[in-house]
Structure formats: C-alpha cells, structure tokens
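Here is a walk through one structure, taken a piece at a time. Keep the viewer open and follow along.

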Amino acid sequence: MMDRTKYLYLAGTVVLAAAPAVLNTYWVDVLNNVGMYAILGLSLNLIVGHAGLFNLGHAAFYAIGAYTAAILNSHFHIPVLWLLPLSALTAGLFALMIARPIIHLRGDYLCIVTIGVGEIVRIALINNVFGITGGANGIFGIDRPQIFGWVIRRPQEFYYLIWLFLMVTVFLFQRLENSRFGRALNYLREDETAAEGSGIHTAHYKLMAFVIGAAWAGMVGNIFAAKMTIISPESFSFWESVLMFTLVILGGSGSIPGVLLGALLIIGLPELFRGFANARMAIFGVAMVAMMIFRTGGILPARPRTYRLPQPAAAVEAKP
Amino acid sequence: MKRTLWGALALSLLLAGPVMAADGIKIGLMGPMTGSWASEGQEMKQVLDLLAKAVNDQGGLLGKPVVVVSEDDGGDPRTAALAAQRLATQGVVAVVGTYGSAVSEATQNIYNEAKIIQIANGSTAIRLSEKGLKYFFRTCPRDDEQGRVAVQAIEKMGAKKVAILHDNTTYAKGLADEAKSLLAGKAEVVFFEALTPKEQDYTAILTKLKAAAPEVVFFTGYYPEGGLLLRQKMEMNWPVPFIGGDATNNPDLVKIAGNKACAGFRFLSAPLPKDLPSEGAKSFLSQFQTQYGSQPSSIYAVLAGDGFRVLCEAIKAVGSTDPDKVAAYLHKDFKNFPGLTGAISFNEKGDRVGEVYRVYQVDAAGNFILQP
C-alpha cells in the first residue's frame, strides 16, 4: 500500500519535472498558477480541513506576505527570496494577533469574522495605510528572485521554484498531518468537548493551525509578488479567498491529494475553457456544480487512517 | 454516470484546444471579456471583428487574411499575465489592449520579451510609457493630457477655490495629482482627498467637502461613485458645480444619479462615438449599427478599433510583420493617420500625440452634449 503511493509520487515527480520541456510557455505559466494555488490551498487546508475552522479571509495573509516582500524589496532592495521567512513571519504574526481574540468562535461566526478581516486588509491596502502600500496603484518594480546570482525570470524557471516549494510543502504537511499535532487537530475538529476532556489545549492548537496556515500563505504571497513584479489590492479580493476555500472543499478537505486536484481544477479549468471565449466562466460554473453533485465529500476525500498498535515482541515470536 | 461526466469533460478539453488553425496574420485582442469591465471588453471585440471583416473583404493584409485572436484578461493582473502568455505562444504579430492601467502593466514585460507590439486602448497611466519599452504604444491619451484639459475647463469657469476628490485608484489618483500641480498659482486647492469606492453612502465626505467651501469640485473617480455623489449632493441641497474625469463618462452615471441631479454636470472625455466628426468614423458607426443593432457606447472600444487600424496600416506600409520594422515605422514615419477618433501620430515613447479630450455637459434630459 505504502509502496504504491510512493511509486505514484515518484512517477508524478518525473512527469512534473519533464513538463516544461513538453509544454509551451503559456501552459507552464498555467501550471505555475496551479502550483501557487495548490500551496495556498494546502495552507488553508490545515485551518479548514484539519482544524475545522472556517476561514474565508485567507487572501488577507497572502496579501500581507506579498506586501511585506514588495515594500521591503522596493525600498531597501533586499533580495526577494531572502524575505521569504520575513513574509511568513509578518503573515503569521498578523494571524496570531487577529485570531487570538476570536479563536473561540465556532463555525459560521468565525467565518464572518474572517471575511471581515479579509475586507479590512484589502481596503486598508487601497487606502494606503501608513503611506507605504501605494494605494490602489499597488507597488511596482519588484525585483525578480535570484538564486546565487541566477535571476529567475522566465515562466519555466518559476515553474521549478514554485513546484519545488510545493513539494516541500506537501512533504512537511504530510508529516504534520501524521504527527501528534495533526491528530490533535482532527480530534478537536470532530469533537471539541471530548478533545478538551482528553487534555488537548484546544485554543492553543487552533491558534497554531491558524498561524502556520497564515505564515505559509504569506510565503506564497512573496513568490507571487516576485513573479508578477507588480502587486495591487485587486489581486487579494474576497474572490481569492473564495477560490482557495472552494478548491479545498471541492478537492476534499483534509486530504492533500484532494487539495492538489482541487487547485488543478479550479485554476486549470478556466484556462482550458478559454476556447469558449465569453462563456468560459459559465461553463466553469456548470462543471463545478456537476462535480459537487456527483462527489459531495470532495473529489478525493480524506481516507480514514489506520494505525497499528506495536505488537508485543512475544506475540511476534509465537507466530510460525 | 461517472463515465458520462468524464466523457463530457474530455470532450470539452478537445473543443478547447487550438480553435484557430487558419493561416493568416494574427492580431491579438486582450480585453476584459469577464469581470466588472466586461461591457468594455465585449464591445472591443465587436469593433475588432467588424474591422477585421472589412479588411478581409478587401483582400486582407499582404495577401493574407487577418485573424483576430481574442483573450480574456478578466480585468485582473494575474489573469492578464496568463492571457498575455497565451497570446504570445499563439504567434500573434501584435496585440490590441487592454483597458485598465494596472492590468496592462502586468503584461507589458511579457509582450516586450516576446517582441510583440502592444497598442493599449484604455490604459492612461503615465508611467506605462515612461519605461522605454520599444514595442508599447497607446491610442488613448495620457492622464497628464487630461489634467491639462481639466485645468483649462476649471479656469474657464472662473473658479478660484477648487476641491479635488479622487478614489485612490492608479488612474484617479494620477489625474488628481496632475490637476493639483497644474492648478498651482492659478487657483487654490482647498480640498484634496480620496473616497472609498463601492460604498453606498457618501454624505460624510460630501459634508466635509462642503465645509471646505469650494467653488467647483473636480471628481477624478469612476461613474458609479460619481452618480451617487451627484444624487447625494442634490439631496443635501448643495448647488456647487461638479466636473468629472473621463471615467465618469458612462450612460449609467445618469441612471444612478437621475436626470435632475446630473443636469449641469460636466466631464472630460475623448469625443463620444456619436460625436466623432470624420467621415470614416461616421461610416464605421453606421456599419456597426447595422451589424450589432446599436452604436458603440464606449470610446475605448473605438480606440481599440483605431489600434487595430494603425497596425494594419503600419504592416501594409512596411510590407512585413517584423515587429522591429513596424515599431520603428510607428515611432518615426507614421504621421497624422486619419483614425476614427481623429488624427493619430505617436511620439518616441509610443504615446499618442495631439489633443483628444473635450468637455461635455449633461443636459436636463440626461444627454451628453459636447461643449464647443
């Protein structure tokens, strides 16, 4: 079982690594977008899928990461990739600050607050808070990322940067999912009272999930800023939060392959449907509705995990 | 059931493959076909389709038919960057578009690296042509040109105390800054602030405005807010005259504000399609009317049409589609081309030379009347 998944991942890696050689620039850039949204989806998946906290304001953390990178890069000329941890830090700190007082809210109440936060951040960016966000113009002239003096410029180069980051993310989140931390999150998602009764500090775990998810989104923001070289508040609208939320729910919340597939569909399908010109968004909508009718739990829902108890040494020896 | 679904999906993928296989000169159109500016984008496409048909009826370009390849930029920089990549891989010679300044900016480098000529039709932000990009042109005027005309109009009204209200967008802020610096020494700017777009109630900022006691208010934002401001200003019984920038030029302004509140409102705009004086424009408009049943409502769609005609003319004159030759021709030898919106020439930055903006006034019936 485990071997099969391993081979699957290996085959996927080979296919992905070879993709830019086969595809044209446009499709590579579509895959770049898919990759970025996959990472965003995974970061949101930790909050929505694992901890069960409805967050419809994830674009706010994404925006804060992007603006951190953009502001520091354009004012102080710090290379963008060096700012990656800092983008994570500011987004994480912001999440901690706003999530601390509201973390006890349940379900839809929390959802409404996060929508509010997302809008506040977007409008604050438009209104040029502290005079550093450039208002509705946004910030332009952000440097391209550099790795050891090699400037990442073409979509093919970004492809490797983004998908490498995605792989690291998948690996780490997979580990997190199977850790004590991940199990605690799942427990409190299923039954908060029981989890608390079993000695799980629910507020702490929820906050941690929020902060880690936000920090990860902040890092994607950094890459987004470096890729576009111009960012403006319209890139972080409520619709972006909805997209991220949809791809998690559509793919299968709590499931990493599900989120990856969700990103592929949500970002990839509108591009595939470009041939339909003006009707493309309508067709995209129909496809979404159809999928949700046929797969209500998401396309690839999380499978129940089984853990074997370590067998006592004596029992093993007794077997022939 | 599942199999049918996958079948349908696979079929749609096949359909979505390369639609254009025809051999011809491909000219791209990048416009907001979806999103909040969708009406602009769709009209741009109608105009280009009509013009391309006219060119093809006369034998095409260099003996080949012209094919318009249109892509949706969604009015959003991220989608636009993808649309630009897609156009670049489809082998277009040049691209017309797009409407929003920030949207155009996200695509400029992609086109420049792919050596594709871009003629923007609605992106008026000054900085777009200040980067020294060789293949970037625009048929719309720049914001500083509009600022100049606005200040002329304000001077003409004899106002000594002017309030400037913008909405912090690239375009509106740029125009407001330009007007403010040009007004220095001519009139006093007593109010300079931004409102937040997409709200429903602007009485707070109107009250603040009123306290500054301006003789004229220059609003540089877009028509939805403009309409609300006019209506709420009337409800406050405050008769100060308003002047709007060209983003208030939309029939919906009157729908939002109502005829009474709009009467006397002035705005700057490139001439509306109906007021275009040249013979070429008139015959184009009547063709458009017969083809689609109505006149184009937006000047930016007509400016996109001009971009297309400029490209056709340049390709014909150079006798090739080599981007370097076409760009050099457009920069140097292309003078006073009779465009639909008046004579077109480009300076070395790719900006359109010449006066385009006029002053309009709304009459009591809500019609836009060109002021002499």
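Start with A:Asn128, which is found in the loop between α5 (107-126) and β1 (139-140) of chain A. Helices (H or I, at least four residues) and strands (E, at least two) are DSSP runs, numbered from the N terminus. Before going further, note that this is a predicted model, where local features need pLDDT of at least 70, side-chain atom pairs count only at pLDDT 80 or more, and totals for chains, interfaces and linings use all residues. Residues are numbered from 1 along each chain as its sequence is written, while chains are lettered from A and ligands numbered from 1 in the order in which they are written.

Leaving out residues up to four places away in sequence, A:Asn128 touches A:Thr133, A:Gly134, A:Gly135 and B:Asn168. Touching here means C-beta atoms, placed from the backbone, within 7 Å. The C-alpha atoms of A:Asn128 and A:Gly138 are separated by 8.8 Å, with the two residues 10 apart along the chain.

α3(A) has 19 residues and reaches 27 Å from first C-alpha to last, close to the 27 Å expected at 1.5 Å a residue (the expected span is 1.5 Å times one less than the number of residues). Of those 19 residues, 16 are buried, leaving α3(A) mostly covered. Just after α3(A), A:His77 takes a positive phi of about 55°.

The axes of α3(A) and helix α10 (residues 238-251) of chain A come within 7 Å and cross at roughly 115°. Axes are lines fitted to C-alpha atoms, for helices over the stretch in contact, and angles run from 0 to 180 degrees between N-to-C directions. The two helices are therefore roughly perpendicular to each other; angles under 35 degrees count as roughly parallel, over 145 as roughly antiparallel, 65 to 115 as roughly perpendicular and the rest as oblique. A:His58, A:Ala59 and A:Tyr62 of α3(A) make the contact with A:Glu240, A:Ser241 and A:Met244 of α10(A).

How values were computed
Contact = placed C-beta atoms within 7 Å. Buried ≥ 20, exposed ≤ 12 C-beta atoms within 10 Å, placed from the backbone.
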